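Here is a short note to read beside the model. Keep the viewer open and find each residue as it comes up.

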Amino acid sequence: MKQDVILTICGRQTYEGQEPDVIELTTDGTMEFQDGGWNISYEESELTGLQGVTTTFRVEPGRVTLNRTGKLRSRMVFQEGTAHESLYQMEFGALMVTVCADRVFYDLVPDGGTIDLVYSIEIENSAVGMVDYHLDIRAKNPKNAGES
């Protein structure tokens, strides 16, 4: 059953030669257990610079996949110690992005949980930095979580 959740997202991007870029965001989203994994989705906003984009985290045993659809399309797979390439498609063109996760942690139950991702990122085969991403998920109505 899909349920409404409140997501608190904290991201820290560290790019070579620049001060770290930190974003903290609280937004509404949905959470659903489907086909042996969790789908956590939310609509991006002006604050993230991705208005018109839907972001979905697919959490399955051993990996987390971040899918973005709308004005921007991308699919990034996070699996500890494994590099994954993907095409990051924007309105004005596309870039090849490679992510290699140093840490993939998740603890999810029907009324919420957490996802932690720490990964390096390359754009067009050039290392650009590290990202530390934390997602906290809380059911809006935890007493009803898990009911069908």
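In which strand does Arg-63 lie? Point 2 has the answer, after a word on the model.

1. **Ground rules.** This is a predicted model, in which local features need pLDDT of at least 70 and side-chain atom pairs count only at pLDDT 80 or more, while totals for chains, interfaces and linings use all residues. Residues are numbered from 1 along each chain as its sequence is written, and side-chain values use heavy atoms, with hydrogens and water left out.

2. **Arg-63.** Arg-63 lies in strand β5, residues 63-70. Strands, like helices, are DSSP runs numbered from the N terminus (a strand is E, at least two residues; a helix is H or I, at least four). Arg-63 is partly exposed, because its relative accessible area is 29%. The scale is this: buried means under 20% relative accessible area, exposed over 50%, and partly exposed in between, with a 1.4 Å probe and protein chains only. Set aside the neighbours within four places in sequence. Arg-63 is then in contact with Arg-58, Val-77, Phe-78, Gln-79 and Tyr-106. Contact means heavy atoms within 4.5 Å. Arg-138 is 75 residues from Arg-63 in sequence and 21 Å from it in space, C-alpha to C-alpha.

3. **Thr-82.** Look next at the loop between β6 (74-78) and β7 (83-90), where Thr-82 lies. Is Thr-82 buried, partly exposed or exposed? It is partly exposed, because its relative accessible area is 32%. Beyond the neighbours within four places in sequence, Thr-82 is in contact with Val-99, Cys-100 and Ala-101. Thr-82 and Ser-120 are 38 residues apart in sequence and 11 Å apart in space, C-alpha to C-alpha.

4. **The cysteines.** How many disulfides does a search of the whole structure find? It finds zero. A disulfide here is a pair of cysteine sulfur atoms within 2.5 Å. Cys-10 counts as partly exposed, because its relative accessibility is 28%. Cys-100 is partly exposed too, with a relative accessible area of 22%.

5. **β1 and its partners.** Two strands pair if DSSP finds at least two bridges between them. β1 (residues 3-15) pairs with β2 (residues 21-34) in the antiparallel sense, over 11 bridges. Gln-13 has Asp-21 of β2 as its bridge partner. The hairpin of β1 and β2 has five residues between the strands, and there Gly-17 takes a positive phi near 80 degrees. β1 also pairs with β10 (residues 126-139), again antiparallel and over 11 bridges. Here the bridge partner of Ile-9 is Leu-135 in β10.

6. Eight bridges pair β7 with β8 in the antiparallel sense. Met-90 has Gly-93 of β8 as its bridge partner. The hairpin from β7 to β8 runs through two residues. β8 and β9 also run antiparallel, joined by 12 bridges. Phe-105 stands opposite Asp-116 in β9. A hairpin through two residues joins β8 to β9.

7. **Two positive phi values.** Most residues other than glycine have a negative phi. Check Asp-35, in the loop between β2 and β3 (37-43). Its phi is positive, near 50 degrees. Asp-35 counts as exposed, because its relative accessibility is 71%. Now go to Asn-125, in the loop between β9 and β10. Asn-125 is not a glycine, yet it has a positive phi of about 70 degrees. It is exposed, with a relative accessible area of 62%.

8. **The largest pocket.** The largest pocket has a volume of about 640 Å³. A pocket is an open set of points on a 1 Å grid over the protein atoms alone, with protein on both sides within 12 Å along at least five of seven lines; lining residues have an atom within 4 Å of a point. Grid points are joined across faces, edges and corners, and the volume is the space filled by probe spheres set on the points. Which residues lie nearest the centre of the pocket? They are Gln-13, Tyr-15, Leu-50, Arg-68 and Tyr-88, out of 27 lining residues. The elements that give two or more residues to this lining are β1, β2, β5, β7, β8 (93-109), β9 (112-123) and β10. β1 gives the largest share, five residues.

9. **Make-up of the lining.** The lining of the largest pocket divides into 20 nonpolar, three polar and four charged residues. Ala, Val, Leu, Ile, Met, Phe, Trp, Tyr, Cys and Pro count as nonpolar, Asp, Glu, Lys and Arg as charged, and the others, Gly among them, as polar.

Conventions: On a 1 Å grid over the protein atoms alone, a cavity is a set of points where a 1.4 Å probe fits but cannot get out, and a pocket is an open set with protein on both sides within 12 Å along at least five of seven lines; lining residues have an atom within 4 Å of a point.
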